[in-house]
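The sequence and structure come first.

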Amino acid sequence: MAGVSLKCGDCGALLRTVEEAQEHAELTSHSNFSESTEAVLNLVCTSCSKPCRSKTESDLHTKRTGHTEFVDRTSETVKPISLEVPKVDAIASLENPSSTASTDQNEEMVVPEVDKKLLEELESMGFSTARATRALHYSGNAGLEAAVNWIVEHENDHDIDQMPLVPANTKIEAPKPSLTPEELKAKQQELRYKTKFR
């Protein structure tokens, strides 16, 4: 049977989605998750329809409210877990379906615009144009350090040296730099040094 939940190896909590696991990790600092064939319980109170995800939760609900009857609807809500994190575009289209009326299969794809100065800096550090462009695009043009960090984290990606493509109508605004010109210069020198001696 395919996994139907993610189990926290630190506390044993069962979570329905990757998003729930990420939220759990942020709240608890737990980071040890694995796929599980154990379903997340869905006990629904017959009095007030409150869903409870565990026996402990239903017991607490009974103590607080006096409601004792629950219907087990676990089998109705069980579905295989998807380990894919939804793309931002997919979430936006779910929230506002009219903005992406019909997805055109022949939509023009273009290389995203990136900060030219940062691109030159990365190329001067020895990174290929495709790798540097990809790093700047996926790090949101946030700066040299963010781009280098992205490259280090993704250097084993199969498409790391392929030029990224985005729909022609995509606009990404570069965030304003938070460093002063002097701090930026010092950071660039530090990064150049790091890449030379990696």
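Which residues in H5 meet which residues in H6?

## Basis

This is a predicted model, in which local features need pLDDT of at least 70, side-chain atom pairs count only at pLDDT 80 or more, and totals for chains, interfaces and linings use all residues. Residues are numbered from 1 along each chain as its sequence is written, and side-chain values use heavy atoms, without hydrogens and water.

## The H5–H6 contact

Leu 118, Leu 119, Leu 122 and Glu 123 are the H5 side of the contact. They meet Thr 129, Ala 132, Thr 133 and Leu 136 in H6. Contact means heavy atoms within 4.5 Å. By class, the residues are 5 nonpolar, 2 polar and 1 charged. Here Ala, Val, Leu, Ile, Met, Phe, Trp, Tyr, Cys and Pro count as nonpolar, Asp, Glu, Lys and Arg as charged, and the others, Gly among them, as polar.

Two packed helices are described by the angle between their axes and the distance between the axes. H5 spans residues 116-124 and H6 residues 129-138. Their axes are 9 Å apart, at an angle of about 135 degrees. Axes are lines fitted to C-alpha atoms, for helices over the stretch in contact, and angles run from 0 to 180 degrees between N-to-C directions. H5 and H6 are therefore oblique to each other. The cut-offs are under 35 degrees for roughly parallel, over 145 for roughly antiparallel, 65 to 115 for roughly perpendicular, and oblique for the rest. Helices (H or I, at least four residues) and strands (E, at least two) are DSSP runs, numbered from the N terminus.

## Cysteines

The whole structure has 0 disulfides, a disulfide being a pair of cysteine sulfur atoms within 2.5 Å. For Cys 8, the nearest cysteine sulfur is that of Cys 11, 3.7 Å away. For Cys 52, that of Cys 45 is nearest, at 7.1 Å.

Cys 8 is buried at 1% relative accessibility. Cys 52 is buried at 0%. Buried means under 20% relative accessible area, exposed over 50%, partly exposed in between (1.4 Å probe, protein chains only).

## Loop residues

Ser 31 sits in the loop between helix H1 (18-28) and strand S3 (33-36). Ser 31 is exposed, at 65%. Its C-alpha atom is 7.6 Å from that of Asp 10, 21 residues apart along the chain. Ser 29 is in the loop between H1 and S3, and is exposed at 65%.

Most residues other than glycine have a negative phi. Ser 29 has a positive phi, near 65 degrees. Asn 141 also has a positive phi, of about 55 degrees. Asn 141 lies between H6 and helix H7 (144-154), and is buried at 7%.
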